[in-house]
Amino acid sequence: MNTRPRSTVALPTLSVLATLTVAALSLPVAAHAVPPLDQLGNYAYTCSGVINGNGLPGIELRVLFDPNNVACKEVFDPQQGAVKANKSFAGSSGGTGTGSGKALTGGRLQVSASNHALAGEAGSAIAGFTDVLTIDAPGLTGINGVLFYKVKLTGSGEAHGASGASSFWLTASVPHYADTHATWGVSTDIFTPDASFAVNETVVMSHVFVFGVPFELSTFAWAHAGVRALGAQGHASVNFNSPNAIRLKGIDHVTTLPGVLVPTYTFASQGNLPWLP
């Protein structure tokens, strides 16, 4: 059995940020439309089909699938209303994949995915929200800071068969900065054909910003149910699909980039999401 426990990506240092290029920091880009991460709004995006061997997470789900055997749907609402996207795919072999993503009002998300693979079929779904924030503090305007914020998670995943695999990611993304994320996942093999994970906790996400400068902060969840290898067989599911499965719980604290706590600051949210107690 292969397991992937929760982990968070450490914040990059200022010197690293200065040398990384936009291409290295951006999520995968494609020529067709996908929900934007740099605009205020709610979004949902799902694809199902036959995997092609790629395994990079990100907003562009289509790159995970065979372009001739995939079905996708994306929805975006700049007014931050409730949106949903559901998509299923039935392969010629008889295998299936299904993904569902919902972004609700008030910083709440739902994602789920399931599959029954006979030739590599999988389901994948993303849901998220983007807010435009401004944080400032006396004497720190123009200085790099770090926002730490809380997200409550309740859900589960499971995998079965010779090559089942399920995974869940929660990602914080700011355009042109490296992503931070928390991850869970399990996979199976012929020796251990059943595996599962459960999540019921509040995680603290973090990201770099500049004091006094508005910035877009996108928070999205990704569910994927598939197989470990192209052409393999297996069954998996990921279920974060209750109305409060993924819920913004507000700011935890703010620091300077070196890590000094900033006890007093001003905060503005264009999306009026529940960032403050």
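**Briefing on a predicted single-chain model**

The chain exposes about 11,600 Å², of which carbon and sulfur atoms supply 55%. The model is predicted, and its chain has two helices and 15 strands. Of the 277 residues of the chain, 52% count as buried, and among contacts with a separation of 6 or more, residues 24 or more positions apart account for 76%.

**The disulfide**

- A search of the whole structure finds one disulfide, which is formed by Cys-47 and Cys-72, with their sulfur atoms 2.0 Å apart.
- Cys-47 belongs to strand 2 (residues 41-51) and Cys-72 to strand 3 (residues 65-77), so the pair ties together parts that are 25 residues apart in sequence.
- The disulfide is right-handed, because the torsion about the S-S bond of Cys-47 and Cys-72 is about 115°.
- Cys-47 counts as buried, at 0% relative accessibility, and Cys-72 is also buried because its relative accessible area of 18% falls under the 20% cut-off.

**Ala-90 and its surroundings**

- Ala-90 is found in strand 4, which spans residues 83-90, and is exposed, with a relative accessible area of 61%.
- When residues up to four places away in sequence are not counted, Ala-90 touches Gly-95 and Thr-96.
- Ala-90 and Ala-122 are separated by 32 residues in sequence, and their C-alpha to C-alpha distance in space is 9.8 Å.

Conventions:
Residues numbered from 1 in each chain as written. Predicted model: local features only at pLDDT ≥ 70, side-chain atom pairs only at ≥ 80, totals over all residues. Heavy atoms only, no water. Helix = DSSP H or I, 4+ residues; strand = E, 2+ residues; numbered from the N terminus. Buried < 20%, exposed > 50% of the residue type's maximum accessible area, 1.4 Å probe, protein only. Contact = heavy atoms within 4.5 Å. Areas by Shrake-Rupley, 256 points an atom, 1.4 Å probe, with all protein chains shown as cover. Disulfide = S-S within 2.5 Å.
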